[in-house]
Amino acid sequence: MSYTISQAAQKAGVSVYTLRYYDKEGLLPFLDKKPDGTRVFKDSDFAWLKTIDCLKDTGMSIREIREFVGLCMQGDATLAERLAILRQHQEDFEKKMAEMEHHRETIRKKVQYYSEAVEAGTESVHLEKEKEER
């Protein structure tokens, strides 16, 4: 089945602008185009779009995604390069997730702190707790 850019955007859960941007940036070399330049999306393109969105949303740059997609278009000769790119991306992403987990814990503690202060009507409740813990 084929889809217009509007239909593809709706099905992929992105904007038409995003799809045009991806195409302009060279992320969609697999797209078919009509003689007048109209983009034609097919069912198999949605797996690509999902991968591109995943890589982008997890911090991979447009340049790196373009490189990765380009390698994919070259076939099996680039499997090792693609694996290396994804392993590095995974490592970078895991580090970022660890940082985010640390930040989440800090925010959780601050929410607890202020919840107790609001309940007591004062921040000094924490000073009293510290005295009791000594």
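Trainee: Is Glu-116 buried, exposed or partly exposed?

Mentor: This is a predicted model, in which local features need pLDDT of at least 70 and side-chain atom pairs count only at pLDDT 80 or more, while totals for chains, interfaces and linings use all residues. Residues are numbered from 1 along each chain as its sequence is written, and side-chain values use heavy atoms, with hydrogens and water left out. Buried means under 20% relative accessible area, exposed over 50%, and partly exposed in between (1.4 Å probe, protein chains only). The relative accessible area of Glu-116 is 24%, so Glu-116 is partly exposed.

Trainee: Which residues does Glu-116 touch, not counting those up to four places away in sequence?

Mentor: Glu-116 sits in helix H5, residues 79-120; helices (H or I, at least four residues) and strands (E, at least two) are DSSP runs, numbered from the N terminus. Its C-alpha atom is separated by 8.3 Å from that of His-126, 10 residues apart along the chain. With contact taken as heavy atoms within 4.5 Å, Glu-116 touches Val-125, His-126 and Lys-129.

Trainee: Is His-89 buried or exposed?

Mentor: His-89 is also placed in helix H5. Beyond four places in sequence, it is in contact with Leu-55, Thr-58, Gly-59 and Met-60. At 12% relative accessibility, His-89 counts as buried.

Trainee: What is the relative accessibility of Leu-31?

Mentor: Leu-31 lies in the loop between H2 and strand E2 (32-33). Leaving aside neighbours within four places, the contacts of Leu-31 are Asp-23, Arg-39, Val-40, Phe-41 and Asp-45. Leu-31 counts as buried, and its relative accessibility is 9%.

Trainee: Why do the buried residues of H1 line one face of the helix?

Mentor: The buried residues in H1 are Ile-5, Ala-8 and Ala-9. An α-helix has 3.6 residues a turn, so residues three or four places apart point the same way. With the arc taken from the directions from the helix axis to the C-beta atoms, the buried residues of H1 line one face because they fall within an arc of 100 degrees.

Trainee: How are H1 and H2 oriented to each other?

Mentor: Axes are lines fitted to C-alpha atoms, for helices over the stretch in contact, and angles run from 0 to 180 degrees between N-to-C directions. H1 and H2 pack at about 105 degrees, with their axes 8 Å apart. Angles under 35 degrees count as roughly parallel, over 145 as roughly antiparallel, 65 to 115 as roughly perpendicular and the rest as oblique. H1 and H2 are therefore roughly perpendicular.

Trainee: Which residues in H2 meet H1?

Mentor: The H1 side consists of Ile-5, Ser-6, Ala-8 and Ala-9. The residues of the contact divide into five nonpolar, one polar and one charged, where Ala, Val, Leu, Ile, Met, Phe, Trp, Tyr, Cys and Pro count as nonpolar, Asp, Glu, Lys and Arg as charged, and the others, Gly among them, as polar. The residues in H2 are Val-16, Leu-19 and Arg-20.
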